[in-house]
Amino acid sequence: MSDAPLAPRVLFSHPDFLVTLKPAGVSFHTEGEVPGYVALVKALTGEPGLHPVHRLDRITSGLVIFARHADAAREFGRMFEDGEVAKCYLALSDHKPAKKQGWVKGAMLKARAGCWRLAREGELRCATQFFSFSAADGLRLFVLRPLTGRTHQLRVALKSLGAPILGDARYGGSPADRGYLHAYALRFTWQDVCYDFVERPAEGALFALTSDQLTGKPWSLPWPEA
């Protein structure tokens, strides 16, 4: 991946919100003198009052919603809390998972050096649905649907399946040109209108190898009942 700064993109503009595309390798918030993704979007749009209503890790690319005013931010916060925003992610691993589809459930517990781990008991419950498909060059393509929004949830989920994400050194992933996790799709209803966004990853040579498999929308998969 190039060392040059990557720019965010605005994919959709609504009077109440923006849907943007975050590059991989960019911190969400400013660190020292290095502007984070939120600062970059505010500079790009000239809207200093934007409110990010969810977040992505540094390694993760993909779709991010920004509310354009406080009332919208509160409503999106409620919608995320109540599970009214459906999310799907893509990930690649060079390890075969313990199972090809199903659930990863448990509790997120803090571990060492800023990491998290999955446990049976704990207050921070998490749940992720997934499908895994054979991909090019011995890779596995995962379509992930988190039903909760815990820190590092998807990264820990794949590690627990024995298939850490490529490029995710923190959780045992093999070296790669990027962290192969991408926020692929969002679906929600706003003011009685259904919005459905799907954006394929634009970065990562290995994601390009799976482009033929990314046909249709992820909602058409036979997801298990929540």
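Which residues does Ser61 touch, not counting residues up to four places away in sequence?

Analyst: Quick ground rules: this is a predicted model, with local features needing pLDDT of at least 70 and side-chain atom pairs counting only at pLDDT 80 or more, while totals for chains, interfaces and linings use all residues. Numbering runs from 1 along each chain as its sequence is written, and side-chain values use heavy atoms, with hydrogens and water left out.

Leaving out residues up to four places away in sequence, Ser61 touches Lys22, Pro23, Ala24, Leu56, Arg178, Leu181, His182, Ala183 and Glu203. Contact here means heavy atoms within 4.5 Å. Ser61 sits in strand E4, residues 61–67; strands (E, at least two residues) and helices (H or I, at least four) are DSSP runs numbered from the N terminus.

Ser61 counts as buried because its relative accessibility is 2%. The cut-offs are under 20% relative accessible area for buried and over 50% for exposed, with partly exposed in between (1.4 Å probe, protein chains only).

Two of those neighbours also make polar contacts with the Ser61 side chain: the side chain of His182 at 2.7 Å, and that of Arg178 at 2.9 Å. A polar contact is a pair of N or O atoms within 3.5 Å; within protein, one must be able to donate a hydrogen and the other to accept it, and residues adjacent in sequence count only if both atoms are side-chain atoms.

Now for what packs on E4. The buried residues of helix H2 pack against E4, and also against strands E2 (17–22), E3 (51–52), E5 (86–93) and E10 (181–190). H2 covers residues 70–81, and its end C-alpha atoms are 16 Å apart, which agrees with the 16 Å its twelve residues should span at 1.5 Å a residue. That expected span is 1.5 Å times one less than the number of residues.

Who's buried in H2? Ala72, Ala73, Phe76, Met79 and Phe80 are. Seen down the H2 axis, these buried residues fall within an arc of 125°, so they line one face of the helix; the arc is that of the directions from the helix axis to the C-beta atoms. As background, an α-helix has 3.6 residues a turn, so residues three or four places apart point the same way. On the other side of H2, Arg74 and Glu81 are exposed. Just after H2, Gly83 takes a positive phi of about 75°.
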